[in-house]
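I opened a notebook page to record what I looked up in this structure. The entries follow in the order I made them.

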Amino acid sequence: MDHASRFIGAYTGFSVGDAFGFPCRELTFMEICNRFEKNGCLRLAVSAKTNTALFTDATQLTLFTTDGILWAAMTQKEEGVNYTEYVLYAYQLWLYTQTKTIAGDEYSWLFDKNVNAYRSKLIKTKGMYQKRFIEPVNIDVLSRIRNSVYGKIVSPLNGYSDTGAVKRVLPAGLFFNYDSELAFRAGADFAAITHGSPVSYLSAGYYSTVIAELINGATIDHAIKKAFDILKTYKNNEEVVDVIEKVRRYVSDDNVSPLTAISRIGTDDNAAQALGVALFAAALFEDSYENAIRLAVNHDGRSDVCGAMCGGLLGAYHGAGFVPKKWLQKLSYLRLIEDTAISLVENSYFNEEPEARTKTGKKSKDPEDDFFAKDDNEIDYDE
(Lines give C-alpha, C1' and ligand atoms only; values in the text may rest on other atoms or scores of the structure.)
Protein backbone atom coordinates (compact mmCIF):
# COMPACT_ATOMS: atom_id res chain seq x y z
CA MET A 1 0.00 0.00 0.00
CA ASP A 2 1.44 3.38 -0.95
CA HIS A 3 1.77 6.35 1.37
CA ALA A 4 -0.86 8.38 -0.47
CA SER A 5 -3.53 5.81 0.31
CA ARG A 6 -2.59 5.71 3.98
CA PHE A 7 -2.45 9.51 4.25
CA ILE A 8 -5.91 9.88 2.71
CA GLY A 9 -7.22 7.06 4.88
CA ALA A 10 -5.85 8.73 8.00
CA TYR A 11 -7.44 12.11 7.25
CA THR A 12 -10.80 10.75 6.14
CA GLY A 13 -10.91 8.17 8.94
CA PHE A 14 -10.14 10.91 11.45
CA SER A 15 -12.73 13.34 10.10
CA VAL A 16 -15.54 10.79 9.84
CA GLY A 17 -14.79 9.58 13.37
CA ASP A 18 -14.92 13.19 14.53
CA ALA A 19 -18.24 13.74 12.75
CA PHE A 20 -19.66 10.50 14.18
CA GLY A 21 -18.89 11.66 17.71
CA PHE A 22 -19.95 15.28 17.15
CA PRO A 23 -23.58 14.96 18.35
CA CYS A 24 -22.48 12.92 21.39
CA ARG A 25 -19.60 15.13 22.48
CA GLU A 26 -21.16 16.47 25.70
CA LEU A 27 -23.37 13.52 26.58
CA THR A 28 -22.97 10.67 29.03
CA PHE A 29 -23.47 7.16 27.69
CA MET A 30 -26.92 7.03 29.26
CA GLU A 31 -27.83 10.32 27.61
CA ILE A 32 -26.52 9.05 24.26
CA CYS A 33 -28.72 5.95 24.56
CA ASN A 34 -31.74 8.05 25.45
CA ARG A 35 -31.14 10.42 22.54
CA PHE A 36 -30.34 7.84 19.84
CA GLU A 37 -30.88 4.10 20.27
CA LYS A 38 -30.90 1.80 23.28
CA ASN A 39 -27.32 0.71 22.54
CA GLY A 40 -26.06 4.18 21.79
CA CYS A 41 -25.25 6.18 18.66
CA LEU A 42 -24.88 3.59 15.90
CA ARG A 43 -25.33 5.72 12.76
CA LEU A 44 -23.65 8.78 11.34
CA ALA A 45 -25.86 11.79 12.06
CA VAL A 46 -26.23 14.44 9.37
CA SER A 47 -27.31 18.06 9.43
CA ALA A 48 -30.97 18.56 8.55
CA LYS A 49 -29.97 21.75 6.72
CA THR A 50 -27.11 20.43 4.58
CA ASN A 51 -27.64 16.64 4.70
CA THR A 52 -23.95 16.31 5.52
CA ALA A 53 -22.08 15.09 8.59
CA LEU A 54 -20.44 17.98 10.43
CA PHE A 55 -17.03 17.74 12.09
CA THR A 56 -15.74 19.64 15.11
CA ASP A 57 -12.70 21.83 15.67
CA ALA A 58 -10.66 18.61 15.96
CA THR A 59 -10.76 18.31 12.17
CA GLN A 60 -10.39 22.06 11.67
CA LEU A 61 -7.27 22.24 13.84
CA THR A 62 -5.85 19.11 12.24
CA LEU A 63 -6.15 20.80 8.85
CA PHE A 64 -4.48 23.95 10.17
CA THR A 65 -1.69 21.87 11.75
CA THR A 66 -1.14 20.45 8.28
CA ASP A 67 -0.99 23.98 6.91
CA GLY A 68 1.75 24.88 9.37
CA ILE A 69 3.79 21.83 8.38
CA LEU A 70 3.35 22.54 4.67
CA TRP A 71 4.30 26.16 5.21
CA ALA A 72 7.48 25.13 7.00
CA ALA A 73 8.25 22.51 4.34
CA MET A 74 8.17 25.25 1.72
CA THR A 75 10.90 27.07 3.65
CA GLN A 76 13.00 24.02 4.45
CA LYS A 77 15.95 25.22 2.38
CA GLU A 78 16.13 28.18 4.72
CA GLU A 79 18.58 27.23 7.45
CA GLY A 80 17.07 26.56 10.83
CA VAL A 81 13.38 26.39 9.86
CA ASN A 82 11.26 25.69 12.93
CA TYR A 83 8.20 23.57 12.15
CA THR A 84 6.58 24.37 15.49
CA GLU A 85 6.75 28.10 14.87
CA TYR A 86 4.98 27.73 11.54
CA VAL A 87 2.32 25.57 13.15
CA LEU A 88 1.83 28.44 15.61
CA TYR A 89 1.35 30.81 12.65
CA ALA A 90 -1.25 28.43 11.22
CA TYR A 91 -3.04 28.37 14.58
CA GLN A 92 -3.14 32.17 14.53
CA LEU A 93 -4.92 31.90 11.18
CA TRP A 94 -7.34 29.41 12.70
CA LEU A 95 -7.87 31.81 15.62
CA TYR A 96 -8.78 34.48 13.11
CA THR A 97 -11.35 32.22 11.42
CA GLN A 98 -13.06 31.66 14.75
CA THR A 99 -12.79 35.10 16.38
CA LYS A 100 -11.81 37.55 13.59
CA THR A 101 -8.87 38.50 15.81
CA ILE A 102 -5.22 37.54 16.22
CA ALA A 103 -3.08 37.61 19.35
CA GLY A 104 -1.37 40.88 18.44
CA ASP A 105 -0.25 43.25 15.70
CA GLU A 106 3.00 41.33 15.38
CA TYR A 107 1.02 38.69 13.45
CA SER A 108 -0.54 41.14 10.98
CA TRP A 109 2.09 40.17 8.37
CA LEU A 110 0.24 36.86 8.05
CA PHE A 111 -2.39 38.69 5.98
CA ASP A 112 0.01 40.69 3.79
CA LYS A 113 0.60 39.17 0.37
CA ASN A 114 3.74 41.26 -0.01
CA VAL A 115 5.27 39.53 3.00
CA ASN A 116 3.58 36.17 3.37
CA ALA A 117 4.02 34.02 0.27
CA TYR A 118 1.98 31.15 1.70
CA ARG A 119 -1.73 31.55 1.13
CA SER A 120 -3.69 28.77 2.73
CA LYS A 121 -6.68 27.33 0.94
CA LEU A 122 -8.25 26.93 4.38
CA ILE A 123 -8.65 30.65 5.05
CA LYS A 124 -10.27 31.02 1.63
CA THR A 125 -12.92 28.43 2.45
CA LYS A 126 -16.03 29.83 4.16
CA GLY A 127 -16.76 26.57 5.93
CA MET A 128 -13.57 26.90 7.95
CA TYR A 129 -15.01 30.01 9.60
CA GLN A 130 -17.88 28.09 11.17
CA LYS A 131 -17.58 27.66 14.92
CA ARG A 132 -17.58 23.91 15.40
CA PHE A 133 -17.58 23.36 19.15
CA ILE A 134 -14.46 25.33 19.94
CA GLU A 135 -12.21 24.35 22.84
CA PRO A 136 -12.13 27.49 25.05
CA VAL A 137 -8.62 26.59 26.20
CA ASN A 138 -7.21 26.77 22.68
CA ILE A 139 -8.84 30.12 22.01
CA ASP A 140 -7.72 31.55 25.33
CA VAL A 141 -4.09 30.43 25.07
CA LEU A 142 -3.62 31.31 21.40
CA SER A 143 -5.11 34.74 22.03
CA ARG A 144 -2.38 35.45 24.59
CA ILE A 145 0.69 34.17 22.72
CA ARG A 146 2.56 37.38 21.94
CA ASN A 147 5.72 37.72 19.85
CA SER A 148 5.81 33.97 19.18
CA VAL A 149 6.55 33.19 22.85
CA TYR A 150 4.60 29.95 22.80
CA GLY A 151 4.64 26.97 25.14
CA LYS A 152 7.49 24.49 24.94
CA ILE A 153 8.20 21.22 26.76
CA VAL A 154 11.07 22.89 28.61
CA SER A 155 9.10 26.07 29.32
CA PRO A 156 5.36 25.34 29.51
CA LEU A 157 2.81 28.13 29.63
CA ASN A 158 0.35 26.27 31.85
CA GLY A 159 -0.63 22.87 33.21
CA TYR A 160 -3.54 22.07 30.90
CA SER A 161 -4.07 18.34 30.34
CA ASP A 162 -7.40 18.33 28.47
CA THR A 163 -7.95 16.99 24.96
CA GLY A 164 -7.53 20.34 23.19
CA ALA A 165 -4.04 19.54 21.86
CA VAL A 166 -3.86 15.76 21.45
CA LYS A 167 -6.67 15.86 18.91
CA ARG A 168 -4.77 17.98 16.38
CA VAL A 169 -1.40 16.21 15.92
CA LEU A 170 -2.29 13.56 13.33
CA PRO A 171 -0.21 15.35 10.64
CA ALA A 172 2.94 15.18 12.79
CA GLY A 173 2.87 11.39 12.64
CA LEU A 174 2.14 11.42 8.92
CA PHE A 175 4.78 13.93 7.86
CA PHE A 176 7.56 12.65 10.11
CA ASN A 177 6.70 8.97 9.60
CA TYR A 178 10.27 8.13 8.55
CA ASP A 179 11.51 8.65 12.14
CA SER A 180 9.26 7.54 15.00
CA GLU A 181 11.24 9.41 17.64
CA LEU A 182 11.06 12.60 15.58
CA ALA A 183 7.32 12.06 15.08
CA PHE A 184 6.93 11.75 18.86
CA ARG A 185 8.85 14.96 19.49
CA ALA A 186 6.99 16.87 16.77
CA GLY A 187 3.58 15.83 18.13
CA ALA A 188 4.66 16.75 21.65
CA ASP A 189 6.05 20.11 20.53
CA PHE A 190 2.90 21.00 18.60
CA ALA A 191 0.75 20.13 21.63
CA ALA A 192 2.96 22.07 24.05
CA ILE A 193 2.25 25.30 22.13
CA THR A 194 -0.97 25.57 24.14
CA HIS A 195 -0.93 22.69 26.65
CA GLY A 196 1.88 22.49 29.18
CA SER A 197 1.02 19.34 31.11
CA PRO A 198 3.14 16.26 30.30
CA VAL A 199 -0.13 14.34 30.18
CA SER A 200 -1.12 16.42 27.16
CA TYR A 201 2.08 16.70 25.17
CA LEU A 202 3.28 13.14 25.87
CA SER A 203 -0.11 11.76 24.80
CA ALA A 204 0.16 13.82 21.61
CA GLY A 205 3.67 12.53 20.98
CA TYR A 206 2.54 8.96 21.60
CA TYR A 207 -0.34 9.28 19.12
CA SER A 208 1.99 10.75 16.49
CA THR A 209 4.39 7.83 16.84
CA VAL A 210 1.63 5.24 16.50
CA ILE A 211 0.44 6.99 13.33
CA ALA A 212 4.01 7.07 11.97
CA GLU A 213 4.43 3.35 12.58
CA LEU A 214 1.09 2.48 10.99
CA ILE A 215 1.89 4.55 7.91
CA ASN A 216 4.89 2.32 7.36
CA GLY A 217 2.95 -0.91 7.64
CA ALA A 218 3.34 -1.84 11.32
CA THR A 219 0.57 -3.70 13.08
CA ILE A 220 -1.43 -1.78 15.67
CA ASP A 221 0.06 -3.91 18.44
CA HIS A 222 3.61 -3.23 17.26
CA ALA A 223 2.91 0.50 16.87
CA ILE A 224 1.56 0.71 20.42
CA LYS A 225 4.67 -1.06 21.74
CA LYS A 226 7.08 1.11 19.74
CA ALA A 227 5.43 4.30 20.97
CA PHE A 228 5.48 2.95 24.52
CA ASP A 229 9.23 2.38 24.35
CA ILE A 230 9.76 5.98 23.25
CA LEU A 231 7.34 7.30 25.89
CA LYS A 232 9.40 5.65 28.63
CA THR A 233 12.41 7.80 27.67
CA TYR A 234 10.55 11.01 28.62
CA LYS A 235 10.26 12.43 32.09
CA ASN A 236 6.92 12.80 33.90
CA ASN A 237 5.38 9.97 31.88
CA GLU A 238 3.66 8.12 34.74
CA GLU A 239 0.04 9.03 33.99
CA VAL A 240 0.29 8.27 30.29
CA VAL A 241 2.21 5.04 30.99
CA ASP A 242 -0.57 3.93 33.35
CA VAL A 243 -3.22 4.47 30.67
CA ILE A 244 -1.26 2.62 27.97
CA GLU A 245 -0.64 -0.33 30.31
CA LYS A 246 -4.40 -0.56 30.88
CA VAL A 247 -5.02 -0.52 27.14
CA ARG A 248 -2.55 -3.33 26.51
CA ARG A 249 -3.99 -5.38 29.37
CA TYR A 250 -7.65 -5.02 28.44
CA VAL A 251 -7.17 -5.66 24.72
CA SER A 252 -6.12 -9.22 25.58
CA ASP A 253 -8.54 -9.76 28.48
CA ASP A 254 -11.74 -11.45 27.31
CA ASN A 255 -13.13 -11.42 30.84
CA VAL A 256 -13.64 -7.66 30.84
CA SER A 257 -16.35 -6.20 28.60
CA PRO A 258 -15.31 -3.40 26.22
CA LEU A 259 -17.50 -0.82 27.98
CA THR A 260 -16.10 -1.78 31.37
CA ALA A 261 -12.57 -1.59 30.01
CA ILE A 262 -13.19 1.91 28.65
CA SER A 263 -14.60 3.07 31.97
CA ARG A 264 -11.41 1.84 33.65
CA ILE A 265 -9.14 3.41 31.03
CA GLY A 266 -10.91 6.67 31.79
CA THR A 267 -13.45 9.00 30.23
CA ASP A 268 -12.58 12.38 31.70
CA ASP A 269 -11.62 15.37 29.53
CA ASN A 270 -8.04 14.20 29.73
CA ALA A 271 -5.57 13.75 26.88
CA ALA A 272 -4.17 10.42 28.08
CA GLN A 273 -7.60 8.90 28.64
CA ALA A 274 -8.85 9.98 25.20
CA LEU A 275 -5.72 8.47 23.68
CA GLY A 276 -6.34 5.28 25.63
CA VAL A 277 -9.96 4.93 24.51
CA ALA A 278 -8.99 5.52 20.87
CA LEU A 279 -6.16 2.98 21.01
CA PHE A 280 -8.30 0.39 22.77
CA ALA A 281 -11.18 0.67 20.28
CA ALA A 282 -8.83 0.55 17.27
CA ALA A 283 -6.88 -2.43 18.62
CA LEU A 284 -9.99 -4.37 19.64
CA PHE A 285 -11.77 -3.88 16.31
CA GLU A 286 -8.83 -3.32 13.98
CA ASP A 287 -10.64 -4.85 11.00
CA SER A 288 -13.98 -3.08 11.48
CA TYR A 289 -14.09 0.69 11.21
CA GLU A 290 -17.78 0.78 12.14
CA ASN A 291 -17.43 -1.29 15.31
CA ALA A 292 -14.31 0.55 16.40
CA ILE A 293 -15.86 4.01 15.95
CA ARG A 294 -19.05 3.00 17.73
CA LEU A 295 -17.03 1.79 20.70
CA ALA A 296 -14.82 4.89 20.68
CA VAL A 297 -17.85 7.20 20.70
CA ASN A 298 -20.34 5.53 23.03
CA HIS A 299 -19.19 6.30 26.57
CA ASP A 300 -19.14 9.15 29.09
CA GLY A 301 -16.03 10.79 27.66
CA ARG A 302 -15.15 13.10 24.75
CA SER A 303 -16.89 11.19 21.99
CA ASP A 304 -15.72 13.48 19.18
CA VAL A 305 -12.03 13.37 20.13
CA CYS A 306 -11.98 9.62 20.81
CA GLY A 307 -13.87 8.89 17.58
CA ALA A 308 -11.56 11.10 15.54
CA MET A 309 -8.34 9.65 16.96
CA CYS A 310 -9.60 6.09 16.57
CA GLY A 311 -10.62 6.78 12.98
CA GLY A 312 -7.23 8.27 12.19
CA LEU A 313 -5.48 5.17 13.48
CA LEU A 314 -7.54 2.75 11.41
CA GLY A 315 -7.36 4.95 8.31
CA ALA A 316 -3.57 5.06 8.55
CA TYR A 317 -3.48 1.30 9.08
CA HIS A 318 -5.81 0.23 6.28
CA GLY A 319 -5.59 3.17 3.86
CA ALA A 320 -8.14 4.87 1.65
CA GLY A 321 -11.32 2.90 1.12
CA PHE A 322 -11.53 1.45 4.61
CA VAL A 323 -14.01 4.08 5.82
CA PRO A 324 -17.52 2.94 4.83
CA LYS A 325 -18.68 4.79 1.71
CA LYS A 326 -22.10 5.37 3.24
CA TRP A 327 -20.43 7.54 5.86
CA LEU A 328 -17.63 9.01 3.79
CA GLN A 329 -19.97 10.34 1.14
CA LYS A 330 -21.87 12.28 3.80
CA LEU A 331 -18.81 14.06 5.20
CA SER A 332 -18.78 17.82 4.70
CA TYR A 333 -15.75 19.23 2.88
CA LEU A 334 -14.56 15.78 1.85
CA ARG A 335 -12.65 17.06 -1.18
CA LEU A 336 -10.83 19.68 0.90
CA ILE A 337 -9.82 17.01 3.42
CA GLU A 338 -8.60 14.64 0.71
CA ASP A 339 -6.72 17.41 -1.11
CA THR A 340 -5.04 18.39 2.16
CA ALA A 341 -3.87 14.81 2.61
CA ILE A 342 -2.49 14.75 -0.93
CA SER A 343 -0.67 18.05 -0.39
CA LEU A 344 1.07 16.58 2.66
CA VAL A 345 2.08 13.49 0.70
CA GLU A 346 3.47 15.59 -2.12
CA ASN A 347 5.60 17.61 0.30
CA SER A 348 6.82 14.71 2.43
CA TYR A 349 10.37 13.39 2.50
CA PHE A 350 9.84 10.62 -0.02
CA ASN A 351 9.01 13.15 -2.72
CA GLU A 352 11.27 15.72 -4.33
CA GLU A 353 12.13 18.65 -2.12
CA PRO A 354 9.70 21.50 -2.81
CA GLU A 355 10.77 24.96 -3.83
CA ALA A 356 11.76 27.09 -0.87
CA ARG A 357 9.48 29.99 -0.03
CA THR A 358 9.95 32.16 3.00
CA LYS A 359 7.64 34.34 4.99
CA THR A 360 9.41 37.33 3.43
CA GLY A 361 8.64 35.96 -0.08
CA LYS A 362 8.32 37.85 -3.35
CA LYS A 363 6.06 40.80 -3.76
CA SER A 364 2.72 40.11 -5.27
CA LYS A 365 2.26 41.22 -8.86
CA ASP A 366 -1.02 42.75 -7.82
CA PRO A 367 -0.72 44.05 -4.26
CA GLU A 368 -4.27 45.34 -4.36
CA ASP A 369 -5.66 41.81 -4.50
CA ASP A 370 -7.66 40.69 -1.50
CA PHE A 371 -5.50 38.30 0.52
CA PHE A 372 -8.50 36.04 1.08
CA ALA A 373 -9.70 35.98 -2.53
CA LYS A 374 -9.47 32.77 -4.51
CA ASP A 375 -7.31 32.66 -7.61
CA ASP A 376 -8.99 31.88 -10.91
CA ASN A 377 -7.66 28.35 -11.04
CA GLU A 378 -8.40 27.47 -7.41
CA ILE A 379 -11.03 25.01 -6.32
CA ASP A 380 -13.99 26.50 -4.50
CA TYR A 381 -14.45 23.99 -1.69
CA ASP A 382 -17.64 25.72 -0.58
CA GLU A 383 -19.34 24.81 -3.84
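**Salt bridges**

I looked up lysine 225 and found that it forms a salt bridge with aspartate 229, with the closest N and O atoms 3.4 Å apart. I noted the cut-off: a salt bridge is a side-chain nitrogen of Lys or Arg within 4 Å of a carboxyl oxygen of Asp or Glu. Side chains of opposite charge can pair when their charged atoms come close.

Before going on, I wrote down that this is a predicted model, in which local features need pLDDT of at least 70 and side-chain atom pairs count only at pLDDT 80 or more, while totals for chains, interfaces and linings use all residues. Residues are numbered from 1 along each chain as its sequence is written, and side-chain values use heavy atoms, with hydrogens and water left out.

Lysine 225 and aspartate 229 are separated by about one helical turn, because they are four residues apart in helix 9. Helices here are DSSP runs (H or I, at least four residues), numbered from the N terminus. The scale I used is buried under 20% relative accessible area, exposed over 50%, and partly exposed in between (1.4 Å probe, protein chains only).

I then checked arginine 302, which forms a salt bridge with aspartate 304, the closest N and O atoms being 2.9 Å apart. Arginine 302 counts as buried at 9%, and aspartate 304 is buried at 0%.

Next I looked at aspartate 339, whose side chain meets that of arginine 335 in a salt bridge of 3.8 Å, N to O. They lie four residues apart in helix 16 (residues 334-346), so about one helical turn separates them. Aspartate 339 is buried, with a relative accessible area of 18%. I also noted a network: salt bridges that share partners join Asp269, Arg302 and Asp304. The structure holds twelve salt bridges.

**Helix 8 and helix 9**

I looked up how helix 8 (residues 198-215) meets helix 9 (residues 220-231): their axes come within 8 Å and cross at roughly 140°. That makes helix 8 oblique to helix 9. Axes are lines fitted to C-alpha atoms, for helices over the stretch in contact, and angles run from 0 to 180 degrees between N-to-C directions. Angles under 35 degrees count as roughly parallel, over 145 as roughly antiparallel, 65 to 115 as roughly perpendicular and the rest as oblique.

**Helix 12 and helix 14**

The axes of helix 12 (residues 271-284) and helix 14 (residues 303-318) come within 8 Å and cross at roughly 45°. These two helices are therefore oblique to each other. I listed the residues that make the contact (heavy atoms within 4.5 Å): among them are Ala274, Leu275 and Val277 of helix 12 and Val305, Cys306 and Met309 of helix 14. By class, the contact of helix 12 with helix 14 has 13 nonpolar, no polar and no charged residues. Ala, Val, Leu, Ile, Met, Phe, Trp, Tyr, Cys and Pro count as nonpolar, Asp, Glu, Lys and Arg as charged, and the others, Gly among them, as polar.

**Tyrosine 107**

Where is tyrosine 107 found? I located tyrosine 107 in the loop between helix 4 (83-99) and helix 5 (136-143). Tyrosine 107 counts as buried at 1% relative accessibility.
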